[in-house]
Structures are given as structure tokens and as C-alpha cells.
Amino acid sequence: MLGLMQNHPLLISSLIEHAARHHGDGQIVSRRVEGDIHRCTWADSARRSKQVANALDALGIAAGSRVGTLAWNGYRHQELYFGVSGSGRVLHTINPRLLPEQIAWIANHAEDEAICFDLTFLPIVKGIHGHCKTVKHWIALCDADKLPADSGVPGLLSYESWIGAQPTEYAWPRLDENAASSMCYTSGTTGNPKAALYSHRSSVLHAFAGSLPDAMNLSASSVILPVVPMFHVNAWGIPYAAALTGCKLVYPGAAMDGKSIHELMESEGVTMAAGVPTVWQMLLNHLSQNKLKFSTLKSTIIGGAACPPAMLNTFENDYGVEVRHAWGMTEMSPLGTVCTLKEKHRSMPEADKNKVRLKQGRAVFGVDMKIVDDQGQERPWDGKSYGDLLVRGPWIIDHYFKIDASPLQDGWFPTGDVATIDPDGYMQITDRSKDVVKSGGEWISSIDIENVAMAHPAVAMAACIGMPHPKWDERPIVVVALKPGAQVGRDELLAFYQGKVAKWQTPDDVVFVESIPLGATGKMLKTKLREQLKDYKLPT
Ligand code: ADP
């Protein structure tokens, strides 16, 4: 017997319609690449998203076709989120920090028909437009008078003149909720990038889950600043979740330095911000150098890489800002786990609470997870046994775009992460399987080694990598970039490990570098580091 309830498809257009109808005067604030601060409302955003939909119709771009973006976080990018997907096309957000040839490869692979880009990226577009075979339209996200006369890109349109002449009414189509809505390529740190193709259904369900109190805790009274880029896993789904809840959104544009972010937080009354640890490190450095505080910020979502304990302690203890450590990946839309405390933790001393908070957290409803050994046998949730982390759920990938072979193992997606899960369901990533240091049959977590170094006051960033060793297979070394003006010697830093990790886990050496190479999503690029250190020899 079937239930007798209405069968409305879960569609991205319904998110923007809801925001416009119930939170029409809710604000969207954007720092623009033009340099100024732009303000509009959810109602404006809905009207302009409809203009985007009409403008796509006018170009004759068919349902299901891909429309690419090379853009920072801002109101125009948001209009494309809703206008492109809402009208039945697929929004393909491209990471502009990739190499130009990778961008062209991705645009060709996705068969993008149009690409909308911020003027900052004109040099990239100039270099690649001749190689993007399927792209018929290049649209610069600016006013007509900002369009350079000699752009070098034939037929270049300005976004404002492209949508400006279009009606602000549009009948959003009643799509199949399983239709593709957007796509994102993995960073491709190993091999060619692969695309996750999200659906309306997966995106709306993910927005529901992401808004929950134990996830991002969004509401109509929140003011949220996504520093995590809209070109990387849909800014962790924040634009959709913000429309669902009607919260105020603050977009940082291209300015992600500590000073710009802090100014925006203070001037707009930001209550919650989301980003990767490297971004928060810049912000915290700026605060401590200038003796500043947060006056409205209540919580930060930190994910994409492990949150170092020193960072968590600074946010929680020095600034009274709650840290919500989160874990996920492109293939998971991205949300998997978020770390918030349970009722049973309330009476714990603060230091013990922070130990829990450092774990990557509990699965949000919708995500099922398990850890398995090399034979695929499930390992216990005792907080000690580690294994390969597998996940499944309605917003987790089934297949990559244009790749027939299934990535799944018995219906579960292998994340490539190694983790423990404790009896309360808190998952902790011990490492990425390819970064684990395998020493004498034992595994050393590169994250643990990095966290110790990062807790030293002189250290700005630390990366642990395994180096080949004739007896032990591999031994860890730690590559360190110091804070400006700070000093610490090799032996002093190695002595700092005493009592913090087992003796055999202590790195064999410290290598000091000017800076640690970062990948396109702001994470440490260990592949590059390994390349840089290819002639390095262990002292032992
Ligand atoms: P890429 O690393 O290729 O850019 P993603 O951006 O999808 O791909 O990153 C997903 C990976 O990032 C996860 O599989 C995990 O290894 C790592 N990651 C994400 N969040 C965390 C976290 N809170 N702690 C540790 N690692 C994390």
C-alpha cells in the first residue's frame, strides 16, 4: 500500500522560491572584485536568478547542458546557482586555482556550453578559450562598462547586459528530482580530476541535513560567512542551506586574508563562518598580531583538513568561539560528519570537551559509515581500532561522470581515509590512506605528527611525510614553515615531541622551508612536497 501524501519533487528552484517568499528582505552581502560592498536581498536574488534562466533560454542552451563558472563567492555566482540549476541546466563550478590546462581539460570533459567568469580570471580565459571546444558563450560577471574593449575573447558578453534585458518572471520547470543539478571535479591531486554529478534531490536533502542544529545550525537569525569557495563542493552546500533557512549570507569575494575577513565579520555581524584550517590560521594570526577580538562570531565550521588542536584551543579558549569540526568530501556533497557534544559531555572539564571536539564528529542523519580491515571485515567502534572508512547515503556518489566502472564496494563508497569510531559514534580520521607513514609494520598518523609541531609557538605550518627507509620501510619527517620572525632549531623541535607521541613515532628529522605548497583548495600539497624533497636523505 502506498502512502497518500503529495509527491512534490525536491528541487533547487523551490529553495530560492521559499527564501524570496518568506525571507524576501533577508540580506545577501558581497565583497565584489570591483572592490566595493554590494547588498541585495533574497527577493532580488530570486528575480535575478529568473533573469539568468530566461537568458539561458535566449541562448538556446538545452536542459541538461553544462554551464561553467570560474568565480569567487558572491551574489552573481549565487544567481547562477539557482538560475542555471533551477531551469534544468547543470551548474559546473570550476576551481580557478587549477592550472589553465587542467581548467580547459575539465571544461572539455564536462562539455560546458557557456562559462561565466569573474574579471579576475580574464587572463585564464584568454589563455584557454581557443582550447575549449564546446564553449560557445563566454560571459564576464560584470557591468557592460567594465568589459575590457580588447578582451581578446571573441563575442565576450557582460553578465549584467546579458541578464538585464530579460524578464524577472520565470516558470521554474517541474523537473525529475533525480535530474542532475550541478557538478564538481575533485582536485585531481592524483591523476585526472573526476566529476561528482549532484542531483536536485541530493542537494535539497543535503541542505536539510546541513541546516540541522548539530550540523551547521542555521536559522533565519543566523549570519553566515562561507569562506569555503563556491567553486569547491558548492561551498559545502551553504547557499542552498541558507535559502532553506532564510539566513543572512555574507560573501567574501576574492579577499580571504585575515584582515578582510575580520572586517567583514565585524561590519556584518557574522555569527557563523565556514572554511578550511589554512584560512582560519591567517585570520587568527591577524587577530593576535593586532590584538583584535570577535564581537559577534559564535561558531566556526572547520573542515576540508584536520583542525589542529592549537587552533581549536585558540578559538574556544581565547575567543569563546565554538569550533565545529566537520569532515566530508567532494563525492559526499560534501557533508559526512560534524562534531558537536552530546548531553553526556556537558559536565566534562573544558579540556576533555576539547578532546572530543577534535574528532571529526558524528554522522549527520542520511550518512551511514563503517570502518573495515584489508579484507573488508567491519572493525569495532571502540575508538582504537582503525580501518578504511566507507560511507553510503542519498547524497553520496554512485558513479563518477563519464566513468562506467563503479567506485563502490558492495554499495559503499571507499573514502580513502583511515579512521577510528568510538562507542558514541564519533569518527576520527587518523590519516588519508596515501599519507599514512608505514614504519616497521606500524602506522603513524601524519596528522598526529603535524599537530604536535603546529602546537609549537614558532611554527606556522607543518607537514609530515614518510621517507623511504631501508629497515623500517618508511620513517616520518616533518616539514616546517616558521611564523614570520620566529625561531626554533631542529633538535628543539624534535625534543618538543617528547611525551606527546610514542618515541618510535617521533619524526627522524625536521626540514625547514619558506612555505608549504598549498593545493587548489587550500590544503597542503604533499605530492608537491615529496617532489621538492626527492633528493632528501634521512639522517639515520
Ligand atoms: P581533495 O582533497 O582532492 O581536494 P576533497 O576536497 O573532496 O578532495 O577532500 C576530501 C578529503 O579531505 C577527505 O577525504 C579527507 O581526507 C580530507 N578531510 C576533509 N575534512 C577533513 C577533516 N575535518 N579532517 C581531516 N581530513 C579531512
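A polar side-chain atom of Arg432 lies 3.0 Å from an oxygen atom of the ligand, in a model that is predicted rather than experimental in origin. The protein covers 94% of the 560 Å² of accessible area that the ligand has on its own, where accessible areas come from the Shrake-Rupley method with a 1.4 Å probe and, for residues, only the protein chains shown count as cover. Because the model is predicted, local features need pLDDT of at least 70 and side-chain atom pairs count only at pLDDT 80 or more, while totals for chains, interfaces and linings use all residues. Residues are numbered from 1 along each chain as its sequence is written, and side-chain values use heavy atoms, with hydrogens and water left out.

**Ligand surroundings**

- Among the 17 residues around the ligand, those that come nearest are Ser187, Ala326, Thr330, Asp417 and Lys523, a residue being near a molecule or strand if one of its heavy atoms lies within 4 Å of it.
- A nitrogen atom of the ligand lies 3.1 Å from a polar side-chain atom of His325, and a nitrogen atom of the ligand is 3.4 Å from a polar backbone atom of Ala305.
- Strand β14 (residues 322-328) supplies four residues, the largest share of the shell around the ligand; helices (H or I, at least four residues) and strands (E, at least two) are DSSP runs, numbered from the N terminus.
- Sorted by class, the shell around the ligand has five nonpolar, nine polar and three charged residues, where Ala, Val, Leu, Ile, Met, Phe, Trp, Tyr, Cys and Pro count as nonpolar, Asp, Glu, Lys and Arg as charged, and the others, Gly among them, as polar.

**Aromatic pairs**

- The structure holds eleven aromatic pairs, in which rings of Phe, Tyr and Trp (its six-membered ring) have centres within 6.5 Å, with planes under 30 degrees apart counted as stacked, over 60 as edge-to-face and the rest as tilted.
- One of these pairs, formed by Phe82 and Tyr240, is edge-to-face, at 6.0 Å centre to centre and with 85° between the planes.
- That pair links distant parts of the chain, with Phe82 in helix α3 (residues 75-86) and Tyr240 in helix α9 (residues 238-245), 158 residues apart.
- Phe82 counts as buried because its relative accessibility is 0%, and Tyr240 is likewise buried, with a relative accessible area of 2%; buried means under 20% relative accessible area, exposed over 50%, and partly exposed in between (1.4 Å probe, protein chains only).
- Phe294 and Phe315 form a stacked pair, with 6.2 Å centre to centre and 20° between the planes.
- Phe294 lies in the loop between α11 (277-290) and β13 (299-302) while Phe315 lies in helix α12 (residues 309-319), so the pair ties together parts that are 21 residues apart in sequence.
- Phe294 and Phe315 are buried, and ring pairs link Trp280, Phe294, Phe315 and Tyr319 into a cluster.

**Charges over rings**

- The charged end of Lys194 sits over the ring of Tyr400, at 4.8 Å from its centre, where the criterion is that NZ of Lys or CZ of Arg is within 6 Å of the ring centre and within 35 degrees of the ring normal.
- The charged end of Lys500 sits over the ring of Phe496, 3.6 Å from its centre.

**Polar contacts within the protein**

- Lys344, found in the loop between β15 (335-338) and α13 (350-357), makes a side-chain polar contact with the side chain of Asp424 at 2.6 Å; a polar contact is a pair of N or O atoms within 3.5 Å, and within protein one must be able to donate a hydrogen and the other to accept it, while residues adjacent in sequence count only if both atoms are side-chain atoms.
- Ser151, which is found in the loop between β6 (137-140) and β7 (157-158), reaches the backbone nitrogen of Val153 with its side chain at 3.1 Å.
- Ser151 counts as buried because its relative accessibility is 7%.

**Backbone geometry**

- Most residues other than glycine have a negative phi, and most peptide bonds are trans.
- Ser333 and Pro334 are joined by a cis peptide bond, with omega at about 5°, and Pro334 lies in the loop between β14 and β15.
- Glu111, not a glycine, has a positive phi of about 55°; Glu111 lies in the loop between α4 (100-110) and β5 (112-117) and counts as partly exposed at 34% relative accessibility.
- Ala235 also has a positive phi, of about 50°, although it is not a glycine; Ala235 has its place in helix α8 (residues 233-236) and is buried, with a relative accessible area of 0%.
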